[in-house]
Amino acid sequence: MSVVLVTGGGQGIGRGIALRLAADGHDIALVDLAPEKIENVAAEVREIGSTATTFVADVSDRDAVFAAVDHAHEALGGFDVMINNAGIAQVAPIDDVRPDDVRKIWAVNVDGVLWGIQAAAAKFKTLGQKGKIINASSIAGHDGFAMLGVYSATKFAVRALTQAAAKEYAAHGITVNAYCPGVVGTDMWVTIDKRFAELTGAAEGETYDRFVGGIALGRAQTPEDVAAFVSYLSGPDSDYMTGQAGLIDGGLVFR
């Protein structure tokens with residue numbers, strides 16, 4: 001079918017997306033800082049029956065992101081979908097946030113998405129074809145959460161970039177959308193929960209359980225839940241959708 005690049009593809013949601021899209025028939029380029037992890041996921045993709053390639057890159061490095069897109073195109077013989085999934089969390093009261101904290105999370109969550117948008121759009125234009133760009137936002141991109149102020153700001157920024165890019169690239173046949181997960185049972189949420197415990201005195205697991213308790217569908221989210229929505233965004237059924245940041249959270253934040 002088509003060639004899809006997934007940043008942050010070595011674990012969690014990124015891995016889930018890669019495996020689902022491989023099952024859909026897409027060939028997968030995996031980008032991450034952890035070579036062993038993406039090689040393991042690449043092996044899983046190949047077991048499904050799709051072709052996979054890997055590229056080690058820091059998404060906060062613009063040149064590295066452009067190189068990753070070039071690699072995907074050269075290794076897999078095409079380039080059709082860019083999924084800017086890589087991201088990091090930061091749990092801290094606003095009073096405690098310092099410049100280095102902001103620079104670190106912004107470089108990955110916002111700059112990394114911006115460079116991914118630029119690199120994908122440039123490749124689509126060079127190839128003279130349509131394409132899809134899909135960005136990772138969050139429920140925290142719709143609601144600002146206490147102790148997650150800067151993280152929330154980065155995810156609001158992803159929504160803004162998604163809307164602006166959708167308007168700028170529509171004439172080129174490039175759609176730009178985002179997905180907004182909620183409480184997903186991944187290593188990121190383990191880290192968030194532990195940090196909340198340190199800051200608030202809550203028992204480990206208590207914050208996670210409290211958030212899950214607010215989900216209308218009554219359970220925590222899985223990477224597969226997110227991947228199913230990204231599958232739609234990656235396929236032809238979403239061709240008339242652009243500039244949107246869809247909530248896929250089981251009913252936690254409503255818009």
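Let me begin with a definition: a residue is called buried under 20% relative accessible area, exposed over 50%, and partly exposed in between, using a 1.4 Å probe and protein chains only. The structure before you is a predicted model, in which local features need pLDDT of at least 70, side-chain atom pairs count only at pLDDT 80 or more, and totals for chains, interfaces and linings use all residues. Residues are numbered from 1 along each chain as its sequence is written, and side-chain values use heavy atoms, with hydrogens and water left out.

I turn to the overall fold. The chain has 8 helices and 7 strands; these are DSSP runs, helices being H or I of at least four residues and strands E of at least two, numbered from the N terminus. Its radius of gyration is 17 Å, close to the 18 Å that the globule rule gives for 255 residues, so the chain is as compact as a globular protein of that length. That radius is taken over C-alpha atoms, and the rule is 2.2 Å times the number of residues to the power 0.38. The C-alpha trace spans about 55 × 40 × 35 Å along its principal axes. Of the 255 residues, 52% are buried. Among contacts with a separation of 6 or more, 70% join residues 24 or more positions apart, a contact being heavy atoms within 4.5 Å.

Next, the pockets. On a 1 Å grid over the protein atoms alone, a pocket is an open set of points where a 1.4 Å probe fits, with protein on both sides within 12 Å along at least five of seven lines; lining residues have an atom within 4 Å of a point. Grid points are joined across faces, edges and corners, and a volume is the space filled by probe spheres set on the points.

The largest pocket holds about 1100 Å³. Its lining has 49 residues, and Ala-86, Gly-87, Ile-88, Ala-89 and Met-188 are the closest to its centre. Helix α6 gives the largest share of that lining, 6 residues. Other elements that supply at least two residues each include α1 (12–23), β2 (27–32) and α4 (99–127). By class, this lining has 27 nonpolar, 13 polar and 9 charged residues. Here Ala, Val, Leu, Ile, Met, Phe, Trp, Tyr, Cys and Pro count as nonpolar, Asp, Glu, Lys and Arg as charged, and the others, Gly among them, as polar.

The second largest pocket has a volume of about 410 Å³. Among its 21 lining residues, Lys-130, Gly-131, Lys-132, Gly-235 and Asp-239 lie nearest the centre. The class count for this lining is 6 nonpolar, 10 polar and 5 charged.

Finally, the salt bridges, each a side-chain nitrogen of Lys or Arg within 4 Å of a carboxyl oxygen of Asp or Glu. The count comes to 8. Which side chain does Lys-123 meet in a salt bridge? The partner is Asp-70, at 2.9 Å from N to O. Lys-123 lies in helix α4 and Asp-70 in helix α3 (residues 62–76), so the pair ties together parts that are 53 residues apart in sequence. Lys-123 is buried at 14%, whereas Asp-70 is partly exposed at 33%.

Glu-198 and Arg-195 form another bridge, with the closest N and O atoms 3.0 Å apart. Both lie in helix α6, 3 residues apart, and are therefore separated by about one helical turn. Glu-198 is exposed at 58% relative accessibility, and Arg-195 is partly exposed at 29%.
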